[in-house]
Amino acid sequence: MAGKSIERRGGTEMNALVLLLAGGIGSRLNSLVGHRAKPAVPFGGIYRIIDFSLSNVMNSGLKKVGVLTQYKPLSLMAHIGSGEAWDFTGRTRGVKILPPRTGEKDSDWYKGTADAIRQNIDFIKSNPSDQVVLLSGDHIYMMDFDAMLSYHQHKEADVTIGMMVVPKSQIHQFGAGIVDAENRIIDWEEKPKEPKTNLASMGIYIFDTKYLLKTLERDRKEVDFGMHIIPRAIEKDRVFAYPFYGYWRDVGTIQSYWETNMEIIRENSEISPEEWGIQPNPAYGDRPMDRAPSRFVNGCSVTSSLISAGCVIEGTVENSVLSPGVKVEKGAVVTNSIIFDDGVIGKDAKVDLAICDKRVRIGDGAVIGNSDNMTVVNKKFPTHLYTGITLVGKEAHIPAGAGIGRNCIVDFGFAEKDFNGSLQLGDGESV
């Protein structure tokens, strides 16, 4: 395995195959998924979102993984590569990319989670297993799948679903289960508007392999697990909830993505990628592990922030997450923000409450977040940006002296000519 050796949590040898669903559009992440799949979005400085699921699989001692891709998969496929970073190489180990079967009669794209697995029945059959573990590639968490597999076997379950308690105000985003005293699921609601429970599905399933194959081949018109397969299974078969009490976040919205990044730098944080054994791919892209150490120039100030390798800090950074290669020039101030790889914050520029994609350039004296009004939602995407966060797209160049308000979107490759003569962008605007 590349990088430092991580002690695996798995205590027993499980004959389980992992299928990792990584093809969702993730449209609520707006410009962050304009040129990449949601699981490939950078997170926490040096990671991608999918690194958490892949590392949990690795640390649980599971050996074979199929990654189901679909939407803009190229950067995700390049990031995963051979799987060496997560120790998925060798005679008994492996990771295989499984795109939709384009050109076949059924569909050119996966219609839903169950349809995606059904299109890859041949992969399941060619890798014999006792259980199939189904995961999502877009959550931030640490989990021992070996323990969940043992629980599944102990319950003699056909299906086991990872579940945790969430606030009732959030349950409408999830599948929700009602359980009996033995944790057997006796009722199910998919994204209920008026929930009867606050026990939410984490999108983590374990199926007995024979049961899964029989179910998929029998119910060929049913395309989604939460909407179709699980409710029918609860009526007829043994479906159990696996209670999870650790840290788990769905980062499928701009707000939750920003909040979860900020949690890393919070004192006494529940999230600790290093302690969890989360492994990035140091051989991919700009090879952040090969960069020089970060440099902090005399007179700079850094408070409660995460600074990755290769950064140069001449100005002020507060409560922010900086990916590798970011430069904050003299007099610049970055607060409450996430700056992706190789961003440059020019002299005397100010960036507050922003997410800046890769290779963004903020010109000298420019201000991102130059308003105190957080309540003017984005006019094009009011449900995406509504708390003051501004998005600056990949390789955008904000000219010197420009002012960008709150809840704004600056698109990929934006340049000075795109301002149409004005260097100001009001609250809630998009360009």
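Let's start with a sheet: seven strands line up in the order E15-E18-E21-E24-E27-E30-E32, and they make an open sheet with parallel pairing. Because strand E15 (301-303) and strand E32 (424-425) sit at the edges with a single partner strand each, one side of each has no neighbour in the sheet. Keep in mind that this is a predicted model.

Now zoom in on one pairing. Strand E24 (residues 350-352) runs parallel to strand E27 (residues 367-368), and two bridges join them. If you want a spot to look at, find Lys-350, which stands opposite Val-367 in E27.

Next, take a look at Glu-329. You'll find Glu-329 in the loop between strand E20 (327-328) and strand E21 (333-335). Glu-329 is buried, yet it has no salt bridge. Which side chain of opposite charge is nearest? That's Arg-361, 4.0 Å away. A polar atom of the Glu-329 side chain does lie 3.2 Å from the backbone nitrogen of Lys-347. Leaving aside residues up to four places away in sequence, Glu-329 touches several others, among them Gly-315, Val-344, Ile-345 and Asp-364.

Finally, the nonpolar cores. The largest one has 41 residues, and Leu-135 and Met-143 have the most contacts inside it.

Key. Residues numbered from 1 in each chain as written. Predicted model: local features only at pLDDT ≥ 70, side-chain atom pairs only at ≥ 80, totals over all residues. Heavy atoms only, no water. Helix = DSSP H or I, 4+ residues; strand = E, 2+ residues; numbered from the N terminus. Buried < 20%, exposed > 50% of the residue type's maximum accessible area, 1.4 Å probe, protein only. Lys, Arg positive; Asp, Glu negative; His and termini not counted. Polar contact = N/O pair within 3.5 Å; in protein donor to acceptor, adjacent residues only side chain to side chain. Contact = heavy atoms within 4.5 Å. Pairing = 2+ DSSP bridges. Core = buried A, V, L, I, M, F, W, Y, C linked by side-chain atoms within 4.5 Å.
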